[in-house]
Protein chains: 2
Amino acid sequence: MQTPQKIAIVGSGLVGSLLAIYLRKAGHTVHIYDRSPDIRQIEFSGRSINLAMSNRGWKALDGVGVGDAVRQIAIPMDKRAIHLVDKLNFQAYGQEGEAIYSISRGLLNRKMIDLAEAAGAEFFFEQKIWDVTLADATLHIGESERGAWEEKKYDMVFGADGAFSRIRHRMQRQSMFDYSQEFLKIGYKELNIPANPDGTHKLDPNSFHIWPRGEYMLIALPNLDGSFTCTLFMPFEGDNSLAELKDINLVKAFFAKNFPDSIEVIPMLAEDFFKNPTSTLVTMKCFPWAYEDKIALIGDACHAIVPFYGQGMNAGFEDITVLNEMMQLYGNDWKTILSEYQKSRKPNADAIAELSYRNFMEMSTKTADEKFLLQKKIEKVFSDKYPDLWIPLYSRVTFSDRPYAEALAIGDAQNTIMEEVLRMDNIESIWDSAEVENKILELLQDK
Amino acid sequence: MQTPQKIAIVGSGLVGSLLAIYLRKAGHTVHIYDRSPDIRQIEFSGRSINLAMSNRGWKALDGVGVGDAVRQIAIPMDKRAIHLVDKLNFQAYGQEGEAIYSISRGLLNRKMIDLAEAAGAEFFFEQKIWDVTLADATLHIGESERGAWEEKKYDMVFGADGAFSRIRHRMQRQSMFDYSQEFLKIGYKELNIPANPDGTHKLDPNSFHIWPRGEYMLIALPNLDGSFTCTLFMPFEGDNSLAELKDINLVKAFFAKNFPDSIEVIPMLAEDFFKNPTSTLVTMKCFPWAYEDKIALIGDACHAIVPFYGQGMNAGFEDITVLNEMMQLYGNDWKTILSEYQKSRKPNADAIAELSYRNFMEMSTKTADEKFLLQKKIEKVFSDKYPDLWIPLYSRVTFSDRPYAEALAIGDAQNTIMEEVLRMDNIESIWDSAEVENKILELLQDK
C-alpha cells in the first residue's frame, strides 16, 4: 500500500476522471481542476466525434471495476458498413464476438465524473490553471492570465488537460524538452442522423458507417437514442474542400452527388453544416512526460493523435493501466514510478500516432479499393486457419493489449508479405487456394 | 521604391542587424529591440561557437555593401586539419581559392550593430518583449512577464529573436501552426587555445581543426588575436560523456588520452571546462513564418539548426537575401512579399536542418574513416575533370547559392552512386583510374 499523497489532476476529461478513480482506490487525496464548467450541467458542444471503445479502454475501466457501468451506454459495432456511391459493403472488424463500442463522449464524460465523485475525488470547475511550479507541484490559478493568481501546493500534479495542456506548456520551457505539433490539412465537422419517429436507428446500429471518397469521407456512429453522430472529414483548401462548400445549395448538391444515400437520413444537413464549427486535427508528441516525483503528463496532454484508428481515448486509458502497474511495482518511489511509466509508454504513443495518421488513407481510400478488400479477405482466411501465425494489424491494435509499437512493427512486416501475395498471377481467382496459403507460410518462414 | 513603413525588429543579433540595414536602405523606419544589454558594452559569454561565413553569408552582406567591413575580421580556412590520435591529415574544402571564414560571433555582432546604426536604425536594448498582437503588429514590453506592460504599435514586426523567439511563441498559439523542437543528446562546451607570446597562432590558422572521435569531437577555429575558439561536442550521458568528466583530474586524463596534441595548446583546460557552461543543441522547425502583412519570423526564430554544417548564420542571412528579392518583385504588397518569402525559404530551411543534423556524423566519425576519405578523393578527381557533372555536396552547400533543398536531393543521388563505386573490386588501388571514371559517368547516365 502506498503512503497517501495529496494529488491534483488538471483536466476533468475522460483520462483525468478515470485516473482520479485509480488514485482514490490507492488511498490518495484527489483534487481535479478544470477551466470549463461541469459538463454535467451544460449542453454538448457539437464538435465531438463519437468514441470507439476497444480492448485497451475496457481493460482500464474493468481494472477499477467501472466497465459495466460504461457498458450500459455503449453500442457494439462489429463491422464496417462501407457506403460506396452505388452499393453497400460490410467488412467484419474481427472474429465472431469481437466489436468496438460506440459511446458519446459527452455521456461518457458525465458518467466518469459521477464515478470519480462516488470514489471520493473532489472536483473544482471553472478554475483556470495558468501555470505550475514544477519543483514543488504548485498550481497557479486565477480568473485571467494577466490578473491575480492563487497558489495551491500539492505533493504531485498530473496534467490530463489535453492536447493544448497548460501543464505541458510549462514543461516545454525546460531545456532539452522535445516537442512537436503537426496539423492535418483536413478539418472535420459534426453532422447528425436523427432517430426514426419510433426511436429506432435509420441505419444498421451495429455498424461503423463509412462513406469513403478518397481525399474526404463521411462516417457515422450510433447513439443510444436511435440517432447517429456523423463526422465529415475534408481538406480545408483545394478541390473537394471545406472552402468550396460556401453556401447551403453547394453543400446540398455536394452531398447529393457524393453521398447520395445520406441525403434522406441527414435532414438538418445544411443547417448543421453552417451552425457547427469546423475543427482541426493535430498530432502532438513530446518528451519527457514527467518531472522528478512531482509532475506527470497523461493522455492527450503528452500524445495527441488523429482519430482515424479510434485509439485516442483507448491509448489515454492504457496510460493509466501502465501507471497503475508501476504503482504496484515501485510502492512509494514515485520518481521511479513516473520515470518507468514514461519509458514504457513513449514508444507506444509514437506508434499509435503513426498508425492513426496512416489510417486516414485506409478509411477514406482503401476501404473503397477492391485490391485492399481482397487483401483483407486473404488475411482473414489465413488468420482463421492459423490464428497463432497471423493476427491482423487492426486486431492487434483494437482487440489485444500487446504494445502498439509491436503492432506497428508486425503490421509492417505483414504488409510486405501481403504485397508479394497480391502480386501472384490470378490472385483474384486463387485467393482462397492452398497455393496462396503456402506462399504466406513460406514468406513467414523467410522472416 | 516602397512606401516607407515603421518596422520593429525584435532581436539585435546578426540577422536582426543585417535585416535592419536592408530595411533602412529601402527607406523604412527601423527600431530594433533586444532584451539583453548592448553587446558592444559587455564581455562575451563563453558559450559561442565561432562562425564559419561562406558564400550565402557573403552574398547577403555584399548585397548591401557591408561585406568588406566584415572581411576585415574574418580568417579564411581552406581546409580541414584532421587530428587523429597518431597523425594529422589535411582535406581541402573546395577548389583553389575557395574557403570558409572564421569570425568571432561577438566581434561580428558588434560590427553589425555599428553598421546598422550608421545606416540609421535605432536600437533599444534591455527592452523585454513579452508578447505581440499579431493583427496590428503591437509589441508588449515590460520589466517582467507578470508586471505592467507598455504597448508599441508598428506597421510591421520581424521576429529575429532566435530559437526561443517570443514572437514565434505568440504565433504558436494560433490554430494550424506546425512546430517542432528536438534536442540532441549532445552538449557543447567552449574552450580556448591562446596565442603564442608573439601573437602568432599555435596551430595552422587557415584550417578548421577537428579531432574526430566518433561519438564526440573537439573543433578549433582561429581568431584574429592569434587564439583559437575550441568547442567540445559530447554526449550528456553514457560512455565518454560530459557526465563522466566530473572533476579536473578526470578532464585532464580524458584529454591526455583522447586529444593528446591538445594538451600543450589548451593550458586553461581544467579551469575553462568547469567555468564555461554546457550548452544544448536544438533543431527547431515551424510553419507558417508570416502573419498577413504584419509579422514575419526570420533566422533562428523560424529555423534553428545544429551547427555541424556551419550554416546557421548563412541560412539566416540568405533569408534576408530572399526577402529582399521579394521586396523588389512585389513593391508595397507586403502580404505577398511575406508569403512568397516563407514559401521560398521553408523547404530550404528544412533541407539545411537535415544536412546539418547528418553532418555531425561526417565530422565526428567519417573524417576519421579511410573509406570516407577515399570517397572524397574520388569525388575530387572526377569533379576536377567534369566540374559541370559533379559538384560535391559540401561545395553546393558552402560555395554556391543554389537552394539547399536541391543540394540535399543531388547529394543523396551522388551518395548512391559513390556507394556503388566504393563497392568496386580493388577500389583502393584503382580509385584514380579510367575504369572508376567511366563507372561514375555510366551511373550518372542511368539517373
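1. Let's start with a loop in chain A: A:M176 sits between helix 5 (166-172) and strand 13 (178-183) of chain A. Keep in mind that this is a predicted model. A:M176 isn't a glycine, yet its phi is positive, at about 65°. Its relative accessible area is 24%, and since buried means under 20% and exposed over 50%, A:M176 counts as partly exposed.

2. You'll find A:A137 in the loop between strand 9 (129-133) and strand 10 (138-142) of chain A. Is A:A137 buried or exposed? It is buried, with a relative accessible area of 0%.

3. Next, the cis peptide bonds. In chain A, one joins A:F287 and A:P288, with omega at about 0°. A:P288 belongs to the loop between strand 18 (282-287) and strand 19 (290-291) of chain A. Over in chain B, the bond from B:F287 to B:P288 is cis too, with omega near 0°, and B:P288 is in the loop between strand 18 (282-287) and strand 19 of chain B.

4. Now try helix 14 (residues 434-446) of chain B. Its 13 residues reach 18 Å from first C-alpha to last, close to the 18 Å expected. Its buried residues are B:V436, B:E437, B:I440 and B:L443. Why do they share a side of helix 14 of chain B? Because they cover an arc of only 130° around the axis. An α-helix has 3.6 residues a turn, so residues three or four places apart point the same way. Helix 10 (370-385), helix 12 (404-422) and helix 13 (427-430) of chain B are among what covers those buried residues. The face turned away carries the exposed B:Q445 and B:D446.

5. Finally, where the chains meet: 22 residues from chain B and 22 residues from chain A take part in the contact. About 1,800 Å² is buried between them, and carbon and sulfur atoms give 41% of that. B:R146, B:M176 and B:Q181 supply 34% of the area chain B buries against chain A, more than any other three residues. There are 4 salt bridges across the interface; one salt bridge pairs the side chains of B:E145 and A:R173 (3.5 Å, N to O).

Methods
Residues are numbered from 1 along each chain as its sequence is written. Chains are lettered from A and ligands numbered from 1 in the order in which they are written. This is a predicted model: local features need pLDDT of at least 70, side-chain atom pairs count only at pLDDT 80 or more; totals for chains, interfaces and linings use all residues. Side-chain values use heavy atoms; hydrogens and water are left out. Helices (H or I, at least four residues) and strands (E, at least two) are DSSP runs, numbered from the N terminus. The expected span of a helix is 1.5 Å times one less than its number of residues. Buried means under 20% relative accessible area, exposed over 50%, partly exposed in between (1.4 Å probe, protein chains only). The arc is that of the directions from the helix axis to the C-beta atoms. Contact means heavy atoms within 4.5 Å. Buried area is the accessible area (1.4 Å probe) that two parts lose on being put together, summed over both.
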